Amino acid sequence: MTNSPPRSLITRLGIPPTLAWGYLGLLLFMIGDGVESGYLSPYLLDQHLSESRVALLFTVYGIAAGIAAWLSGVLSDLWGPRRVMWAGLGIWGVFQLLFLTVAIPLGSYPLMMLGYGLRGLGYPLFAYGFLVWIAGVAPRARLGTAMGWFWFAFTGGLPTLGSLVASGLIPHIGAYATLWAALVLVAAGGLIALLLVRDDRGGRRPRGDGDGQGPVATLVGSVTILWRNPRVGVGSVVRVINTASQFGFFVILPIHFTRTVGFTLTQWLHLLSAMFATNIFANLLFGVVGDRFGWRRTIAWFGGAGCTLSTLLLFYVPHAAGANFSLALLVAAFYGATLAGYVPLSALVPTLEPRHQGQALAALNLGAGASTFVGPAVVALFVGPLGVEGVVWIFAGMYAVSWALAHFLKLPDEPGTADAARRGPEPAAASAPA
């Protein structure tokens, strides 16, 4: 009996070795993309744009990003993830150059709308194209960990390290030059990922995807998959619920914590920073936990049940204790951590539809995009009649629903499903967490 060769550190960490440079490239890309997140709005106001025009500019950017997030999976089915990532890098670079060299110097709002608005197509194509690549390469038994590293790099760059880079550069080179530095970081990260990753599976359509379908059929399939495979549809609904409260809380909690609870704006910003700093590391943690404890169980208990509790604590602990920063810090960090309990969705949903992984991830990304307006819509509809407390209970109820829905996210080869009964028992090595 021969001993198997020792695994590399990268493999032991759960990162697919052939994609290791891609994770580093993604981190640098997202740092560059996140540089502007903390200061672009006031910078544009200083350029004599009105608040309404700045808001509209960001709205167009958000719409473009949502469309690209959905298309990233569809296009990965058609072209392969590597080409989609090249498209994302190219779009980001070209429209950032238009924004910096023409739109801002001329003070032209239509060109700002064109340059910055359409640049929103760039980062989702790059980042989520890589997500599809990971889904096609990582071994199923470590797919949750591989996805955890993806979200670690994604959220570590945007907005966390990106904002930190901006805070260090702006005092020395100014706000405008810092936007050029962002372009350098994005280009460096994109080229590292695309030139140094040698895995051939990114250069062609994922195995089995498409089945001879044309572009229109593939595009339509990314929507019809929601009912062709109801488990993918359920996963997309759970993804909507995942971050709906986050976007809703961005609307009401700053006012509630500063005007009602009694924190200063600086203290609230520190709480927000702690919330998402915790979320970064929890993304990685729950990727690993999902592979050990089971993807479905992690989503249900750490995500659904955890967020049900943390959402209520985030309101009631400061409500009862007042402006006690230490207690508020604990519940804010707990909320940020439980949001990451849904990380295994990125591993589970494409595994539910192995022949159309790109379409499945497109449906999941559609859910992510929907959460950006579902959360604020809940606030807009109910904060008047029910108040902040009532809105918090609605979000907690949504998380409880996601806990129940997660129990339907069974893998096709899980014992007890119809698929498993037709095929008979699976080898132990082929099983995977659910």
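**View 1. The largest nonpolar core of this predicted model has 114 residues.** A nonpolar core is here a set of buried Ala, Val, Leu, Ile, Met, Phe, Trp, Tyr and Cys residues joined through side-chain atoms within 4.5 Å, where buried means under 20% relative accessible area, computed with a 1.4 Å probe and protein chains only. The residues with the most contacts inside this core are Y23, L44, F99, F130, I134, F150 and L314. Its largest share, 14 residues, is supplied by helix α16 (residues 357-406), helices being DSSP runs of H or I with at least four residues, numbered from the N terminus. Apart from this core lies another, of 5 residues, including L75, L78, V84 and L125.

Residues are numbered from 1 along each chain as its sequence is written. Because the model is predicted, local features need pLDDT of at least 70 and side-chain atom pairs count only at pLDDT 80 or more, whereas totals for chains, interfaces and linings use all residues, and side-chain values use heavy atoms, with hydrogens and water left out.

**View 2. I134 and its partners.** Leaving aside neighbours within four places in sequence, I134 is in contact (heavy atoms within 4.5 Å) with L19, Y23, L143, A146, M147 and F150.

**View 3. Helix α7 (residues 122-137) is mostly covered, with 15 of its 16 residues buried.**

**View 4. D199 lies in the loop between α9 (175-196) and α10 (215-228).** D199 is buried, with a relative accessible area of 5%, and, not counting residues up to four places away in sequence, D199 touches T18, L19, R82, W133 and V137.

Notes
Helix = DSSP H or I, 4+ residues; strand = E, 2+ residues; numbered from the N terminus. Buried < 20%, exposed > 50% of the residue type's maximum accessible area, 1.4 Å probe, protein only.
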